[in-house]
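Look over the model first, then read on.

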Amino acid sequence: MAADFNGDGKLDLAVANDATNTVSVLLGNEDGTFQAHVDFPVVQGPTSLAAGDFDGDGKTDLAVVGNGFSYLLGKGDGTFQPHVDYLTSIRVISAITADFNGDGRADLAVANTDVPSLSAVLNRPAMALRPAQLSFPGQLVGATGQPQTVTLYNPGIVPLSIQSAVASSEFSEIDTCTGSVKAGASCVLSVTFKPTASGSQSGTLTISDNAVGSPQIISLTGMGTDFSLDAAAGANCPASGNCSVSTTVTGGQTATYNLQVSSLNGFTGTVALGCSGGPTSAVCTVAPTSVVLNGSSAGFTVTVTTTAASMVTPRAAPRKWTPIKLQRFGLPLMLALLLLILHERFRSKAAGRKLALAYALAIFSVCLIAAWGCSGGGGHNPQTSTLTITGTSGGVSRTLDLTLNVK
């Protein structure tokens, strides 16, 4: 096969060597002589060659047929990249090049002997993906799992152009390989799963490119798992326990709640437990401080130790300004008027004056007591507090509110 392999305008020579499975390239001196040959490995049993620009880079390449066929992509200096092999039949005896589909690229037609046929190899961008789908293990809602990868390979001769790679729904593509992927090269796409809801989730990874069949779509599936905090039930609820989110105690006593952590959709992992809120000076204790779930549930206890001083706060009875003003100002005036009338009536009689004074003092005492009872008074009302129980796993928290009434 004669062609200009190094771009110097002089014809060079390529020869297939069946015994050594190589092709020898001899660069021409343009005087009928050639430089020393350089050998390049190719497919087994080469019998025929064809020259053309198969990868569209403006440099002359070689196609070598034998047991299948090989492409030797030229570097433009008379040397070639490592051979890329393809199979149409066990034995191929000849090949020709031409643009069979009018896309401006050199295609290849080969004659097969073992299966009498002719194969046309169109040099169009191609893509191979592995794996064809991704399935993610159970992942806690709100947390991002470990990435899984898809390898994108260019099995063709023409460079593959990747425009975008987008994951849908609960999935994210975090390591794109957009741009050009050379013939025989590959790149890796990384996909993560971060569910926003518990249960089975599905999505797609859509790759837009210039290969046949674009866009390429890979199916994605995963399971969102979760855990919840609730009042204890079933085996987690002791016979004499308080399996409720509310209780009432007297100040100074200890309140107890029997609770549980439940796995949703197969959640597995450790949940750390904590308590916050509640009455002033009260001490809230969680036991145990963490539980390990393996798709089931686990019980725990919350105790709140109260103190009488922190639980009972005096509260004034409602005041009404109209009665208060009457008692503070009207009653003294009425008392003074009554004393004056009694004084005038009984001033000539010493005994009468003493009796009037006694009545006046009695009336004054009654008015003071009445005024105190209307304007203020003491009483102790029950105090209601809210405690928040928190469960945390993998940086994700769930909460449960408890109600505590202290008499």
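A disulfide here is a pair of cysteine sulfur atoms within 2.5 Å. With the bonded cysteines of the protein chain numbered in sequence order, the pairing runs 1-2, 3-4, 5-6. The model is predicted: local features need pLDDT of at least 70, side-chain atom pairs count only at pLDDT 80 or more, and totals for chains, interfaces and linings use all residues. Residues are numbered from 1 along each chain as its sequence is written, and side-chain values use heavy atoms, leaving out hydrogens and water.

**Disulfides**
- The whole structure holds 3 disulfides.
- Cys 177 and Cys 187 are joined with S to S at 2.2 Å, and this link is right-handed, with 45° about the S-S bond.
- Cys 237 bonds to Cys 243, S to S 1.9 Å; the link is right-handed at 110°.
- Cys 275 and Cys 284 have their sulfur atoms 2.0 Å apart, in a right-handed link at 100°.

**Burial**
- Buried means under 20% relative accessible area, exposed over 50%, partly exposed in between (1.4 Å probe, protein chains only).
- Cys 177 is buried at 12%, and Cys 187 is buried at 13%.
- Cys 237 is partly exposed at 26%, as is Cys 243 at 23%.
- Cys 275 is partly exposed at 26%, and Cys 284 is partly exposed at 24%.

**Ser 190**
- Ser 190 is buried, with a relative accessible area of 11%.
- Contact means heavy atoms within 4.5 Å.
- Beyond neighbours within four places in sequence, Ser 190 contacts residues including Pro 147, Thr 149 and Asp 175.
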